[in-house]
Amino acid sequence: MEQELIPPPEAEIKTVSFWQAFLFWLKLGFISFGGPAGQIAVMHQELVEQKRWISEKRFLHALNYCMLLPGPEAQQLATYIGWLMHRTAGGLVAGILFVLPSLFILIGLSWVYVKFGDVPIIAGLFYGIKPAVVAIVFHATHRIGSRSLKNNFLWLIATLSFIAIFFFSAPFPLIVFSAAIIGYLTSKKYPALFSNGNTHQQSKKDYGAALIDDDTPTPAHAIFSWKRLGSIVLIGALLWLIPIISLSLTLGWDHAYTQMAWFFTKAALLTFGGAYAVLPYVYQGAVNYYGWLSPTQMIDGLALGESTPGPLIMVVAFVGFLGAFNHALLGSDHLFLAGAIGATIVTWFTFLFSFIFIFAGAPIIESTHNELKFTAPLTAITAAVVGVILNLALFFSYHVLWPTGFSGSFDFVAALIACAALIGLFYFELKVMYVLAASALIGLLCFSFL
């Protein structure tokens with residue numbers, strides 16, 4: 001970021017209209033690559049440094065709140081800022097446009113995948129991308145672990161979490177619940193263990209006065225009200241109940257569409273620690289329990305999610321599409337429509353609660369999110385998530401490096417691509433998109449000539 005692009009502190013800050021904000025959120029939906037860290041960095045650069053719509057302190061205050069919630073923190077941060085600036089309509093626009101372009105792109109790419117996945121060019125690209133995904137998940141494990149495991153006790157929680165899921169196949173919700181209880185009870189006697197939780201340190205840079213500045217009074221719509229809370233909870237409950245009851249009554253509770261709605265409702269409430277944390281849960285359900293897609297298809301879906309804009313958790317749209325397509329839920333003549341409906345259903349039930357958390361919870365949690373009784377369970381959950389993600393990385397490694405199982409041959413070329421990707425991520429600190437692009441090109445060349 002060039003220094004001259006930062007407006008001088010004395011520059012006049014003009015009011016931002018709803019439609020000005022709309023255009024920004026629309027642009028953000030198409031450029032939000034790089035996972036949560038990259039997306040948050042883009043918002044900081046645009047909103048804090050360049051446009052100065054919100055101050056550094058208020059931006060980080062909102063981010064700290066979103067970090068405490070289940071769900072994609074970058075999408076929730078966009079929703080929060082949009083809501084703070086232009087009430088509920090602003091929050092809806094910011095949050096929806098963060099997701100919508102990615103949904104359309106993934107529906108299109110999912111169709112290309114199932115129709116042309118066996119074409120040599122497509123197969124070659126995925127041959128290179130999948131080892132890169134293995135490296136990316138290992139890198140995510142290190143990144144989250146280095147930020148979260150601040151002491152030996154949190155390391156112990158992460159280790160026990162890994163043992164539970166790797167050796168005993170413990171359900172992800174049970175791991176999350178157990179970690180929360182351990183965190184809460186331990187914090188009563190040893191609060192210092194949880195003093196360095198999931199927070200972002202405030203930057204000391206001064207970008208000048210902002211539209212929503214440090215001392216700007218909280219707008220009326222952001223002040224807590226029992227009446228407003230009740231209305232938001234009621235509307236949110238109806239937006240969840242009406243679709244799932246309609247699916248149950250028209251198709252039956254055991255129908256795949258209904259089960260997708262129910263399964264991804266649970267997933268939406270368990271995504272502490274970001275998308276990588278919920279992927280093991282999605283795998284356990286979508287692959288092992290429901291059989292909506294194969295392990296290889298799950299890895300391919302993560303590769304697509306990594307290479308498209310929007311939250312990484314949008315990989316669930318691929319899962320919904322493949323689940324409906326593979327089972328021909330609308331018959332063999334309407335495979336694309338079935339997949340598109342499946343992707344839309346899982347996206348709705350995955351992201352609905354993110355909006356409810358922001359609109360209903362922000363006025364409450366903002367006044368309590370620094371209290372240890374709230375942060376300690378979440379700190380313990382984040383530690384447990386590190387162990388779960390490590391298990392996910394090993395799972396992906398197995399299916400990529402031994403594609404036919406341990407009894408089959410080891411794929412040395414895939415291992416070399418994975419090692420190169422690891423070096424690029426850890427040593428050269430390359431962006432994920434560059435690693436994926438380079439790996440895809442190498443995979444295409446190897447697939448063509450080997």
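Let me start with a term. Angles under 35 degrees count as roughly parallel, over 145 as roughly antiparallel, 65 to 115 as roughly perpendicular, and the rest as oblique. Keep that in mind. This is a predicted model.

First pair: α4 and α11. Helix α11 covers residues 295-306. The two axes come within 11 Å. They cross at roughly 140°. So α4 and α11 are oblique to each other. The crossing is right-handed. Who touches whom? From α4, we have L106, L109 and Y113. From α11, Q297, D300, L304 and G305. Sorted by class, that contact holds 4 nonpolar, 2 polar and 1 charged residues.

Now α4 on its own. This helix runs over residues 73-116.

Helix α5 is residues 120-148, and helix α16 is residues 432-449. Their axes lie 7 Å apart, and the packing angle is about 135°. That angle makes α5 oblique to α16. Here, too, we have a right-handed crossing. On the α5 side, the contact residues are P120, I121, A123, G124, L125, Y127, G128, I129, A132 and I136. Facing them in α16 are V432, V435, L436, S439, A440, G443, L444, C446 and F447. By class, the α5 contact with α16 has 15 nonpolar and 4 polar residues, and no charged ones.

Key: Residues numbered from 1 in each chain as written. Predicted model: local features only at pLDDT ≥ 70, side-chain atom pairs only at ≥ 80, totals over all residues. Heavy atoms only, no water. Helix = DSSP H or I, 4+ residues; strand = E, 2+ residues; numbered from the N terminus. Expected span 1.5 Å × (residues − 1). Axes fitted to C-alpha atoms, helices over the stretch in contact; angles between N-to-C directions. Left-handed = near helix turned anticlockwise from the far one by under 90°. Contact = heavy atoms within 4.5 Å. Nonpolar A, V, L, I, M, F, W, Y, C, P; charged D, E, K, R; others polar.
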